[in-house]
Amino acid sequence: MSVNQNIQTRVEELRVVINDHNYQYYVLDEPQVPDSEYDRLLRELISLEKEHPELITEDSPSQRVGSKPDSGFAEITHEVPMLSLDNAMEEGEFIAFNKRVMDKLRLTKDVHFLCEPKLDGLAVSLRYENGLLVQAATRGDGSVGENITLNIRTIQSIPLKLRTDNPPTLLEARGEVFMPLDVFDKLNQEAKEQARKVFANPRNAAAGSLRQLDPSITAKRKLAFYAYSMGVVSDDFVLAENHLDRLKQLQQLGFPITSELVSANGSDEVIKTFESMQNKRASLPFEIDGMVVKVNSIAQQEELGFVSRAPRWAIAMKFPAQEEMTQLLDVDFQVGRTGALTPVARLEPVFVGGVTVSNATLHNMDEVERLGIKIGDTVIIRRAGDVIPQVVSVIESRRPNTAKSIPYPTTCPVCDSKAVKAEGEAVIRCSGGLICEAQRTQAIKHFASRKAMDIDGLGDKLVDIFVELKLINRISDLFKLKHEQIANLERMGDKSAQNLIDAILASKETTLAKFVYSLGIREVGEVTAKNLANHFRSLEALLAADKEILESVDDVGPIVAQNIVDFFASEINQKEVNALIESGINWPAIELKSDADLPLKGKTFVITGTLHSIKRSEAKLLLEEKGAKVSGSVSKNTDVLIAGEKAGSKLKKAQDLGIKILDESYFDSI
């Protein structure tokens, strides 16, 4: 055997041994060798690879820290959305959730749940192709995240290569990246010694570490990871039938999972588990802010499905918020996009729930009156849901003689327009509409946002500059911006200016649904805007609709209907909508389809395996155009499975359930 062959064999042996030690240490929490021995093995591997760079492979343990990216983090669209969870802030809300689950499943016996600590970190999705880590993304807004692959590779507990000789073609592992408390404490201690800014809490430290453009900095932060679910998985990987066993599958593949998993039957056991986990909170080596409860059976999960952007089969039980005492120094009023005047408490800074808090919401003047609060009072503040600080009570026994009542706002603090309060509402609003700079600025930001008109490159700071310099006085002025106006701004230039002008022009091609959403009508979100567009099919018909007609639209109740009527009744808004249309904004006509055009209406299809005659995205669109619903998983509610080449577990499940199975030639007939 040649020397090179001996070296190659040794390199391969070292990689296997080091990866095995990583698995023992990070996944099983059972280290087999001291750190000094692990370091010796890693140094030997690095030395051999340095002498023989032709032997370096991307999945080598030595290759965790890569070079800096050329620019910031690129966007990644999640194939399967990373959903958020509904919250249960008190015991009664979980009991109500349990009842909804049992009613939906038509059960008379207790549901089997799996309880997990709710880690206070950042959700990420890790994509493996043929066993190798190829991409990592943040959760982002659930649909689109940021590419953080280089930084994720530096986390020792995340495998660069799956621990199996027969890896699936594709597997996405999802979980939480967090900073252990001992690492956090050490990081802040070093920051203090070097007179640098300290992190407020481990979550902020983890977030800041993951968003470093230099992966070597991330590597020094010693972040950790626990897997809690899977995303997209190819059909050549047979998935377990319950959530706990799927976590164990991830563990076998090399991913660490928390040791704090608890099975619970029914609401009583879940509540006891929640109390136990709350008691353990302070002794855990990482921050948690609650407990996640999931229906364990995958079949039951699929039957329960989703509502909006959250699953019906899971809920986050949040711990009671942490509270502290401080003094109310003053109250300011902030103006929101819809003109709402929100009282904001200015507080003597106090450390609560891991964060230094100096401002807190008072919600509205009704809440101010309910609390009986005065400027100068000693108050108790709480981080509601461990996120938003709020004032919850007043300690009247500590009220000073100099305490002053909070004045009821009669005018807008920004534009001096009259402040009004509609009958039946607790919120006071500025009557200035788009003449109010605060509302105008927020309205422009909303109009340009990704889910509205999606004007690439027009961020919040740039909008602030345009408004401040009076380059924009209303939304439609965006379409009047000149290249030279933008190019002359600080840190812009010709290329950036032209890119923005091009993006503004490109945004004119949109959809009716996006345009309606972009107008920022109170309580008209994406779903409501789509329902309005599909119902009326033209802007003219929507403008002509009265309150009664609007209430016949799905998801539109009396309050939303009145908001729409009021919005389009405003002369200012009418002029602005007309100006936007005159600027060239347009959308394709929405055609009304008859039942004859929707032969698959009411049918649920699933596509699996490799298709050769048509792209999967095209196949999905074709089915949806014919009225079908296309699901990603097989359940008893599935009507038809279309099976391509190398169909795996979905085909077997469909056969077991007696579901109709077709091949891809079906697309030639529809």
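Tyr-128 has Leu-133 in β5 as its bridge partner. The model is predicted: local features need pLDDT of at least 70, side-chain atom pairs count only at pLDDT 80 or more, and totals for chains, interfaces and linings use all residues. Residues are numbered from 1 along each chain as its sequence is written, and side-chain values use heavy atoms, with hydrogens and water left out.

Strand β4 (residues 122-129) and β5 run antiparallel and are joined by six bridges. Strands are DSSP runs of E with at least two residues, helices are runs of H or I with at least four, and both are numbered from the N terminus. Two strands count as paired if DSSP finds at least two bridges between them.

The order β5-β4-β7-β8 describes an open sheet of four strands with antiparallel pairing. β5 (132-138) and β8 stand at its edges with a single partner strand each, so one side of each is left without a neighbour in the sheet. On average, neighbouring strands of this sheet are turned by 30° against each other, direction ignored. Axes are lines fitted to C-alpha atoms, for helices over the stretch in contact; angles run from 0 to 180 degrees between N-to-C directions.

Two helices are described on this sheet. Helix α6 (residues 202-210) packs on the sheet and touches β4 and β7; its direction makes about 40° with that of β4. Helix α8 also packs on the sheet, touching β7 and β8, at about 110° to the direction of β8. Contact here means heavy atoms within 4.5 Å.

Helix α8 spans residues 243-252. Its buried residues are His-243, Leu-244, Leu-247, Gln-249 and Leu-250. Buried means under 20% relative accessible area, with exposed over 50% and partly exposed in between (1.4 Å probe, protein chains only). The cover over these residues includes β3 (112-119), β9 (262-265) and α10 (298-304). Asn-242 caps the N-terminal end of α8, with a side-chain oxygen 3.2 Å from the backbone nitrogen of Leu-244. Just after α8, Gly-254 takes a positive phi of about 115°.

Another open sheet has four strands in the order β24-β23-β25-β26, with parallel pairing. β24 (629-631) and β26 (660-662) stand at the edges; each has a single partner strand, so one side of each lacks a neighbour in the sheet. The twist averages 30° from one strand to the next. Three bridges join β23 (residues 604-608) to β24. Among the residues involved, Phe-605 has Val-630 in β24 as its bridge partner. Helix α22 (residues 616-625) packs on the sheet, touching β23, β24 and β25 (640-643), and its direction makes about 170° with that of β23. Helix α23 (residues 649-657) lies across β23, β25 and β26, running at about 145° to β25.

Technical notes
Polar contact = N/O pair within 3.5 Å; in protein donor to acceptor, adjacent residues only side chain to side chain.
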